[in-house]
Amino acid sequence: MVKKRVLQGMRPTGHLHLGNYLGTAKGMLALQEDPNYETFYMVADLHGMTTPFDPKKIMLESREVILDYLSCGLDPKKSALFLQSSLADLHVQLAYYFSTVVTVARMQHLPTYKEKVKQYPENVTMALLNYPILMAADILIYKASMVPVGMDQEPHMEVTREIARKMNLLYGLGFPEPRSLETKSRYIPSLTGEGKMSKSVEGSYINLTDNLETIKERLAKVPTDSGKGNKIPEGGGVYTLLTIVELFQGLEKRTKYEKEYKRSGIKYQDLKNELAEAIFKDLEPIQKKRRELEKDRAYIDNALKDGTERARAVASKTVKEVKEKMGLI
Ligand code: AMP
């Protein structure tokens, strides 16, 4: 049986948060366990360089992502784990070939690009503009057809499919048109009540490494209302709380709170305390595994070495094929 391939990458910009975990890591795990798929999971450290970064920290933070992956249950025997920069010669090379079929205007109009320009007006670099092209190369270099990403990455997935189509049409290549894994947690809203949970917005997230007290503190700051009303909020802090309640305590619990909202009223302090306990119950085993793995440097080194070799074998074949079809060999 020919297995379908999966690629996913996380930027090394701090610890994973609940958005990364629910929006991506859970899907990565499910696909790893599915015999129909072959999984390639990387740390997107080159993508981490598209916004300001500290050269003294980037490698350490990449290892933190690998630790997070492993503690969530990713298994280096089943999934190839590697750093994007370990294969920069191939990924960046392919991104360059792809850039010959993408216009500057297409990149400049992407909402993800515009957001970053607003966030980092002093850092509007070519690397930032090229972000989606490198992502397309990351995915297509493994001919991956499935990508477990959050909703925020959808515009980049569209660019990837466009590139695949163009390369196939112009050069007779056989790239798949990859799609995102559909899950009900592809968009985790921010604890601030505005936008999505994000590493770059302080106060918006709960980290996978947070202890119960920290989770309680973070939830305590979520803005709420009087707890009562005719219409269930479809945005803001209350919406965020109800969304997370559903994901950690189930739909029934959410429905119960929604009924209370329309009748007797929600007591937010109780809701937040119960929710904190439920989140921590899920995170505790992950944190325990993390503490064990932290002591085992060799395990992580070996996982990366093996994963890089497996990824290189596939990636180098694709680059050779593209070079041939583009007339370079
Ligand atoms: P990043 O931190 O931007 O490298 O994102 C890593 C992965 O987590 C990507 O697949 C994102 O789509 C996903 N992700 C990030 N934030 C969220 C969120 N708030 N909800 C769902 N998925 C998310």
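The axes of helix 3 (residues 88-99) and helix 12 (residues 297-325) come within 10 Å and cross at roughly 30°. The model is a predicted one. Angles under 35 degrees count as roughly parallel, so helix 3 is roughly parallel to helix 12. Their crossing is left-handed. Helix 3 brings Asp 89, Leu 90, Gln 93, Leu 94 and Tyr 97 to the contact. Helix 12 answers with Arg 312, Ala 315, Ser 316, Val 319, Val 322 and Lys 323. By class, the residues of this contact are six nonpolar, two polar and three charged.

Next, helix 9 and helix 11. Helix 9 covers residues 236-249 and helix 11 covers residues 268-294. Their axes come within 10 Å and cross at roughly 40°. That angle makes helix 9 oblique to helix 11. The crossing is left-handed. On helix 9, the contact is made by Val 238, Leu 241, Ile 244, Val 245, Phe 248 and Gln 249. On helix 11, Tyr 268, Leu 271, Lys 272, Glu 274, Leu 275, Ala 278, Ile 279 and Asp 282 take part. The contact of helix 9 with helix 11 holds ten nonpolar residues, one polar and three charged.

Now turn to helix 6 (residues 126-140) and helix 7 (residues 154-171). The two axes come within 9 Å and cross at roughly 65°. Angles of 65 to 115 degrees count as roughly perpendicular, and helix 6 and helix 7 are therefore roughly perpendicular to each other. Their crossing is right-handed. From helix 6 come Tyr 131, Pro 132, Ile 133, Met 135, Ala 136, Ile 139 and Leu 140. They meet His 156, Met 157, Val 159, Thr 160, Ile 163 and Ala 164 of helix 7. Eleven residues of this contact are nonpolar, two are polar and none is charged.

Which of the 19 residues around the ligand come nearest? They are Thr 24, Gly 150, Asp 152, Ile 188 and Met 197. Gly 150 places a backbone N or O atom 2.8 Å from an oxygen atom of the ligand. Asp 152 uses its side chain: a polar atom there lies 2.5 Å from a ligand oxygen atom.

Note on methods
Residues numbered from 1 in each chain as written. Predicted model: local features only at pLDDT ≥ 70, side-chain atom pairs only at ≥ 80, totals over all residues. Heavy atoms only, no water. Axes fitted to C-alpha atoms, helices over the stretch in contact; angles between N-to-C directions. Helix = DSSP H or I, 4+ residues; strand = E, 2+ residues; numbered from the N terminus. Parallel < 35°, antiparallel > 145°, perpendicular 65-115°, else oblique. Left-handed = near helix turned anticlockwise from the far one by under 90°. Contact = heavy atoms within 4.5 Å. Nonpolar A, V, L, I, M, F, W, Y, C, P; charged D, E, K, R; others polar. Near = heavy atom within 4 Å. Polar contact = N/O pair within 3.5 Å; in protein donor to acceptor, adjacent residues only side chain to side chain.
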